[in-house]
2 protein chains.
Amino acid sequence: MAKTLVFGHKNPDTDTIASAIATSHLLRHLYNWDTEAVALGTPNEETKFALSYFKLEAPRVITIADTDDVVLVDHNEAAQSIDNLADVTVAAIYDHHKFNFSNSTPLYIVAKPWGSVATILYFEFKNNDVTIPANIAGLMASAVISDTLLLKSPTTTEADKVALSALSEIAGLEDYEKYGLDLLKAGTDLSSRTDKELIDGDAKSFDMAGHQFRIGQVNTVDIDDVLARQAGIEDAIKSEGYEDFLFVITDILNSNSKAIYLGDANDAIESAFNAKLAGNVIDLPGVVSRKKQVVPPLEQQF
Amino acid sequence: MAKTLVFGHKNPDTDTIASAIATSHLLRHLYNWDTEAVALGTPNEETKFALSYFKLEAPRVITIADTDDVVLVDHNEAAQSIDNLADVTVAAIYDHHKFNFSNSTPLYIVAKPWGSVATILYFEFKNNDVTIPANIAGLMASAVISDTLLLKSPTTTEADKVALSALSEIAGLEDYEKYGLDLLKAGTDLSSRTDKELIDGDAKSFDMAGHQFRIGQVNTVDIDDVLARQAGIEDAIKSEGYEDFLFVITDILNSNSKAIYLGDANDAIESAFNAKLAGNVIDLPGVVSRKKQVVPPLEQQF
C-alpha cells in the first residue's frame with residue numbers, strides 16, 4: 001500500500017515546504033496515517049537557509065503522484081497542484097487561500113484566513129495535544145516569518161503572532177527578529193538566478209473567469225536592482241510563452257512593490273491598481289501581499 | 001452592521017438545524033462574531049421532536065441573505081444553498097460532504113468525513129475549550145442519531161460514537177438508544193404529509209457533470225406503506241417538473257432501501273446500483289446513506 005503523499009504548491013516557498021513536513025508529522029500522530037512529505041519542486045534560497053539552520057532534509061521532489069491518496073497543503077486549486085491530481089483522491093487539505101476545489105468524496109479540510117499555513121498547523125498540533133519536534137517548529141516559525149514578512153504583511157493576524165512566539169520558543173530560537181531578517185535576506189540574493197529562474201521562482205497560475213493569469217513575485221532589498229534586469233525578464237516571459245504575466249518586485253524593508261506587466265489586459269491592470277503602466281512597469285505603493293493585495297483586485301476586473 | 005447568518009442546506013434535516021444553532025454559539029464564543037442561526041426551511045417532524053424535547057426554538061426561516069457575511073453548515077454547494085449566495089461572502093464552512101466550492105477570499109473551513117456535522121462541532125467546542133449548553137448538546141446528539149441512524153449507517157465513525165456518548169452526557173440524556181428510536185420514529189410518520197411534501201422533504205440537487213439530478217429520501221418503518229403511494233409520488237415529481245428524480249425509501253429498522261426513479265438515465269441507474277428497474281422501482285439492499293451509498297455510484301456514471 002503506497003503512502004499518502006503530502007505536498008504544497010508548485011514553485012514551493014518556505015510555508016509550502018514547512019507545511020508539508022509539519023502536516024505529514026501531524027497526520028501520522030493524529031490519524032495514524034502512513035504519510036510522506038514531498039515537494040513539487042526544489043526549495044528556494046530562503047527555504048534552503050531555514051532547512052539548513054534547523055538541520056532538516058529537503059523533501060523528495062515528485063512530478064506525478066504514484067499513490068491513491070494525497071494531502072494538499074498551502075493550495076487547493078488544481079492549477080497550482082500536481083499534474084495528475086484528477087487521478088488521485090484528495091484525503092485532506094490544510095490551506096489559507098481562497099478556494100476553488102471540487103471532488104467526489106468527503107474529506108478533511110482545515111482552512112483559516114491566517115497569514116501562513118504553519119500558523120494553522122501550530123494550533124492543530126496544540127489543540128490535538130500532538131508534540132511538535134523542535135526542528136519542525138523552527139521550520140514552521142520560518143514559514144510564519146516568510147509569509148508574513150516578519151509579521152509586517154497585511155495578511156498578518158493575531159494568530160500568527162501567537163504562533164510565531166510559541167514556535168520560536170519550542171525551536172529554541174532566542175531572537176526570531178534577527179533570525180527572520182537573515183532568513184528573508186537569504187531569499188533576496190537574486191544575482192545568482194537567471195531571468196528565467198526569477199520569473200519561474202514563485203509564480204502561480206490563476207484562472208480568472210477563464211482567463212489564465214500568471215503572477216510571479218520576488219522579494220528584494222532594492223527594487224531598482226531588479227528593474228535593471230527588465231529587458232531580460234521580459235524576454236524570459238515571452239520565450240516561456242506566457243500571455244499574461246504580472247511580475248511583482250517587493251521591497252521587504254520598506255513594504256512597497258513595483259510590477260512588470262506583459263499581456264493584453266493593460267486596462268484591467270491599471271483599473272485594478274488605480275495607477276498607470278509606464279514602459280510596462282506599474283507602481284504598487286504599500287503592496288507586499290500577492291494573496292491579499294494583488295489577486296483580489298485583479299479578480300474583480302475579470 | 002448586519003449579523004453573520006449561519007445556515008444549513010435547503011430542506012433542513014436535524015443535523016442542518018442543530019449545526020446552525022451550535023455553530024452560531026461556537027463562533028460567538030470562539031471569534032466573538034455577531035451571529036444568528038437561521039434556516040432555509042421549516043423543521044421536519046423529526047427535528048421538531050428534538051427541538052421540543054430540548055426546549056429550543058426553531059430558527060427563523062429566510063429566503064435570501066440580507067447581510068454581508070454568511071456561514072454555511074452541512075453543505076457547501078451553491079445548488080443546496082441560499083439563492084443569493086453569489087451576492088454574499090462565505091466567511092466559514094462546517095461540513096461533512098464532498099466539496100464543490102469556489103470563492104474569492106480566504107475563509108474558515110472545518111470539514112471531516114464523519115457521520116454528522118454535529119460530531120465535528122462537538123470536537124471544535126472541546127478542542128477550543130468552549131462549553132456546550134445542555135440543550136444545544138441534546139440537539140447535537142439528536143443530529144448524530146439522525147445522520148447515523150443511531151450509529152448504524154455506514155457513514156458512522158469512531159468520532160461519532162465518542163461524540164454521541166459525550167453529548168448525551170452533557171445533555172443529561174440517560175438512555176440515548178431509547179430517545180433515538182423515539183426521535184427516528186417521529187420522522188417516519190408520513191401519513192400527514194402530501195405526496196409533494198414527501199418528494200420535497202429532504203431532496204437535494206446534485207450537479208453531475210452538468211446533469212441536474214435530484215435525490216430525495218424518506219425514512220420509514222415499512223417500505224410497502226410508502227410504495228402504496230407510488231402513483232401519487234410519481235405525479236408529484238412530474239408536476240414539479242423534475243426531469244431526473246430518484247426517491248429513496250429507507251427502512252431504518254432493517255437498514256434497506258428501495259427507490260422510485262423517473263428520468264432518462266435508466267441505464268445509469270441500473271449500472272450504478274447493479275440491479276434492474278421494475279415499474280420504476282429499484283431494490284437497494286443494505287443502502288441507507290444517500291451520501292455514501294447513493295451519490296458516489298451515480299457520480300461514477302456521469
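Start by selecting Glu36(A) and Arg60(A): their side chains meet in a salt bridge, N to O at 3.0 Å (the rule wants a side-chain nitrogen of Lys or Arg within 4 Å of a carboxyl oxygen of Asp or Glu). This pair ties together distant parts of the chain, 24 residues apart, with Glu36(A) in strand 2 (residues 35–39) and Arg60(A) in strand 3 (residues 60–61) of chain A. Searching the whole structure over all chains turns up 26 salt bridges.

Quick housekeeping: this is a predicted model, where local features need pLDDT of at least 70 and side-chain atom pairs count only at pLDDT 80 or more, while totals for chains, interfaces and linings use all residues. Residues are numbered from 1 along each chain as its sequence is written, chains are lettered from A and ligands numbered from 1 in the order written, and side-chain values use heavy atoms, leaving out hydrogens and water.

Now show strands 2 and 3 of chain A as cartoon. They pair in the parallel sense over two bridges (pairing takes at least two DSSP bridges; strands are DSSP E runs of at least two residues and helices H or I runs of at least four, numbered from the N terminus). Opposite Arg60(A) you'll find Val38(A).

Twelve strands form an open, mixed sheet in the order 3(A)-2(A)-1(A)-4(A)-5(A)-7(A)-7(B)-5(B)-4(B)-1(B)-2(B)-3(B). Strand 3 of chain A and strand 3 (60–61) of chain B stand at the edges with a single partner strand each, so one side of each has no neighbour in the sheet.

Next stop, the interface. Select the contact residues (heavy atoms within 4.5 Å): 24 from chain A and 24 from chain B. About 2,100 Å² is buried between the chains, with carbon and sulfur atoms giving 55%; that is the accessible area (1.4 Å probe) lost on putting the two parts together, summed over both. Highlight Phe99(A), Pro106(A) and Ile109(A), which supply 25% of the area chain A buries against chain B, more than any other three residues.

How many salt bridges are there between chain A and chain B? The count is zero.

On the side of chain A that touches chain B, strand 6 (100–102), strand 7 (108–111) and helix 11 (290–301) each supply at least two residues. Strand 7 gives the most, with four.

Last, select strand 6 in both chains: the two pair in the antiparallel sense over three bridges. Asn100(A) has Ser102(B) as its bridge partner.
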